[in-house]
Amino acid sequence: SIGAEIVGATARKILAVDDSVSIRKSISFILGQENFEVVEAENGADGLSKATADKFGLIITDINMPIMDGIQFIKELRNTAEHKFTPIIVLTTENQESKMQEGKAAGATGWIVKPFSSEKLIAVVKKIIG
């Protein structure tokens with residue numbers, strides 16, 4: 001059915017929000033090899049405009065970014081009807097408990113600490129969205 005195809009396509013579309021071009025490119029490359037479609041955004045504000053303009057099955061975000069950081073980005077996303085329940089993975093160098101708690105409180109689903117392996121990223125993504 002056409003409905004299931006649309007849902008399937010949405011589920012495989014991922015928004016990657018990070019101010020580092022090299023991190024965005026590696027996320028796109030790694031997940032692209034697994035047939036996920038990756039849309040890139042360079043900060044929280046850019047991510048928010050892309051997230052509200054489209055449907056994503058998963059959002060991956062950094063925490064420390066200019067203009068709008070990851071925590072603010074997650075809070076803003078959770079206030080939108082489209083992304084109230086979209087899984088959000090935080091990908092960051094921050095491994096302090098306080099930042100993790102802040103991320104969880106904002107609405108983050110999970111956490112991957114940089115540097116990350118492609119295997120780890122793929123495993124987490126597949127666990128969340130198959």
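**Figure 1. Asp18 and its salt bridge to Lys114.** Asp18 is buried, with a relative accessible area of 1%. In this predicted model, Asp18 forms a salt bridge with Lys114, and the closest N and O atoms lie 3.0 Å apart. The pair links distant parts of the chain, 96 residues apart: Asp18 belongs to the loop between strand 1 and helix 2 (21-32), and Lys114 to the loop between strand 5 and helix 6. Lys114 has a relative accessible area of 15%, so this residue also counts as buried.

**Figure 2. Lys114 and its salt bridge to Asp62.** Lys114 forms a salt bridge with Asp62 as well, with 3.4 Å between the closest N and O atoms. Because Lys114 lies in the loop between strand 5 and helix 6 and Asp62 in the loop between strand 3 and helix 4 (70-78), the pair ties together parts that are 52 residues apart in sequence. Both Lys114 and Asp62 are buried.

**Figure 3. Arg24 and Glu40.** A salt bridge joins the side chains of Arg24 and Glu40, at 3.3 Å from N to O. Arg24 is in helix 2 and Glu40 in strand 2, so far as the sequence goes 16 residues apart. Arg24 is buried, its relative accessible area being 9%. The count of salt bridges in the model comes to nine.

Figure 4. Five strands, paired in parallel, form an open sheet in the order 2-1-3-4-5. Strand 2 (37-41) and strand 5 (110-113) are the edge strands, each pairing on one side only. From one strand to the next, the twist averages 20°.

**Figure 5. Strands 1 and 2.** Strand 1 (residues 13-17) runs parallel to strand 2 and is joined to strand 2 by five bridges. Lys13 stands opposite Glu37 in strand 2. A network of salt bridges links Lys13, Glu37 and Asp54.

**Figure 6. Helices 3 and 6 on the sheet.** Helix 3 (residues 44-53) lies across strand 1, strand 2 and strand 3 (58-61), and runs at about 135° to strand 2. Helix 6 (residues 118-129) lies across strand 1, strand 3, strand 4 (88-92) and strand 5, at about 145° to strand 3.

**Figure 7. Surroundings of Thr109.** Thr109 is placed in the loop between helix 5 (97-106) and strand 5. With 42% relative accessibility, Thr109 counts as partly exposed. Leaving aside residues up to four places away in sequence, Thr109 touches Arg78, Thr86, Pro87, Ile88 and Lys104. The C-alpha atoms of Thr109 and Ile89 are separated by 5.7 Å, and the two residues are 20 residues apart along the chain.

Conventions:
Residues are numbered from 1 along each chain as its sequence is written. This is a predicted model: local features need pLDDT of at least 70, side-chain atom pairs count only at pLDDT 80 or more; totals for chains, interfaces and linings use all residues. Side-chain values use heavy atoms; hydrogens and water are left out. Two strands pair if DSSP finds at least two bridges between them. Helices (H or I, at least four residues) and strands (E, at least two) are DSSP runs, numbered from the N terminus. Axes are lines fitted to C-alpha atoms, for helices over the stretch in contact, and angles run from 0 to 180 degrees between N-to-C directions. Contact means heavy atoms within 4.5 Å. Buried means under 20% relative accessible area, exposed over 50%, partly exposed in between (1.4 Å probe, protein chains only). A salt bridge is a side-chain nitrogen of Lys or Arg within 4 Å of a carboxyl oxygen of Asp or Glu.
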